[in-house]
Amino acid sequence: MKMLHTTQNKVELYVLKSKLDENSIESIIKNEEPPLAGEIPPAVAWPELWVLDDSQFGEAKKIYEQEISRLQSHQAKWTCSQCGEHLEGQFDICWKCGASRS
Ligand SMILES: [Zn+2]
């Protein structure tokens, strides 16, 4: 069993896990409910996605890389060309001046 990915973002792990499920790769999520902050350093307590069968790890890694680049391009920060405001990737319109992402 090998760890594929760890992140604070549980949703990201669920998205990845469902992709692995679609490809018949068995996986589990550990540390789904991390201890409260302060008990363990946060990086240690992040949820982890594990691939059960080592022989499928290479394939899982490919799916992971595809998904991560897709997620990250979707979440990429951008700068408004009108007013220069820095915006998070989930916004398509500048909240400050109303210009749309170019
Ligand atoms: Zn703007």
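Start by selecting Gln 72, which sits in helix α3, the stretch covering residues 57-75. As you look around, keep in mind that this is a predicted model.

Is Gln 72 buried or exposed? Gln 72 is exposed, because 11 other C-beta atoms lie within 10 Å and a residue counts as exposed at 12 or fewer.

Next, zoom out and color by secondary structure. Walking along the sequence, they come in the order β-α-β-α-β-α-β-β. Across the 102 residues of the chain, buried ones account for 10%.

Where is the largest nonpolar core? Select Leu 13, Leu 16, Leu 20, Leu 49, Val 51 and Ala 60, the six residues that form it. Two elements, α1 (10-22) and β3 (48-51), each provide at least two of the core residues. Show α1 on its own for a moment: with three residues, α1 gives the most to this core.

Which residues does Val 51 contact, once neighbours within four places in sequence are set aside? Highlight Met 1, Lys 2, Leu 4, Ile 25, Ser 27, Gln 56, Phe 57 and Ala 60 to see them.

For a last stop, show the whole chain again and think about contacts between residues at least 6 apart in sequence: 45% of these join residues at least 24 apart.

Methods:
Residues are numbered from 1 along each chain as its sequence is written. This is a predicted model: local features need pLDDT of at least 70, side-chain atom pairs count only at pLDDT 80 or more; totals for chains, interfaces and linings use all residues. A nonpolar core is a set of buried Ala, Val, Leu, Ile, Met, Phe, Trp, Tyr and Cys residues joined through C-beta atoms within 7 Å. A residue is buried if 20 or more other C-beta atoms lie within 10 Å of its own, exposed if 12 or fewer, and partly exposed in between; C-beta atoms are placed from the backbone. Helices (H or I, at least four residues) and strands (E, at least two) are DSSP runs, numbered from the N terminus. Two residues are in contact if their C-beta atoms, placed from the backbone, lie within 7 Å.
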